[in-house]
Amino acid sequence: MARQAAWRLISRELFVAPFNYNTATVLNISNKLFYQGSGNIGFWHACNCSQGTLDGCAANNGYMQWLAADDDNGDLRDGTPHMTAIYNAFESQRIGCNVPAPVNSGCAGGPTEMPTLTLTPTSGAVMLSWTPVPSATRYWVMKSDGDQGCVLGQARIATVTGTSYEDTEVLSGHKTCYSVAAVGNSEACFSPWSYCRCI
């Protein structure tokens, strides 16, 4: 059930309204939720076999832990930035929770525009530059490589305050892919990732 909920989140819920995210954004949000939200899970869900009911309402259940990883202010009662997507994914397997009510909230005043990324290869390096995003305090630079570089999760290689970065760890003749997100005052508050670009 938990695997199906996770799959639904990354294959549907973040791609559709109200989010309509691109693939790079969906993969990076999903990676964040999985890795930051799974470490303290006691049980993915609770089961009352005599009543035939399931839920994820306990504080150490998967649903509540993923909400905590998504939250911007430590208070789940006022919602999280992607709460309805997480709720819909878990509730599709009946392992979500109706309390607190699912509301997309938080990150007011944070960056919402997607940066436009440009790559310029040089000898043994790649220069990345991108358009500035209003309300950004910093930018995350993400990288992956290989033939599936844009369809797999990316690793963060830098956090910068400007709108450029030089990656000097590049293998010649090897496909390397990048995306960038603008980040606000909280690490939970970030823009859609730029479209993935490769050299």
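Where does Arg94 lie? Arg94 sits in the loop between α4 and β3, where helices (H or I, at least four residues) and strands (E, at least two) are DSSP runs, numbered from the N terminus. This is a predicted model, with local features needing pLDDT of at least 70 and side-chain atom pairs counting only at pLDDT 80 or more, while totals for chains, interfaces and linings use all residues. Residues are numbered from 1 along each chain as its sequence is written, and side-chain values use heavy atoms, with hydrogens and water left out.

Most residues other than glycine have a negative phi, and most peptide bonds are trans. Arg94, although not a glycine, has a positive phi of about 60°. The loop that holds Arg94 also carries Pro100, between α4 (83–91) and β3 (117–122), and the peptide bond joining Val99 and Pro100 is cis, with omega about 0°. Another cis bond runs from Ala17 to Pro18, with omega near 10°; Pro18 belongs to the loop between α1 (2–13) and α2 (23–37).

Ser135 is not a glycine either, yet its phi is positive at about 75°. This serine falls in the loop between β4 (125–130) and β5 (138–145). Ser135 is partly exposed, at a relative accessible area of 44% (buried is under 20%, exposed over 50%, partly exposed in between; 1.4 Å probe, protein chains only).

As for the strands, four of them make an open sheet in the order β6-β5-β8-β9, with antiparallel pairing; two strands pair if DSSP finds at least two bridges between them. β6 (155–160) and β9 (197–198) are the edge strands, each pairing on one side only. Strand β8 (residues 176–183) runs antiparallel to β9 and is joined to it by two bridges, and Cys177 stands opposite Cys198 in β9.
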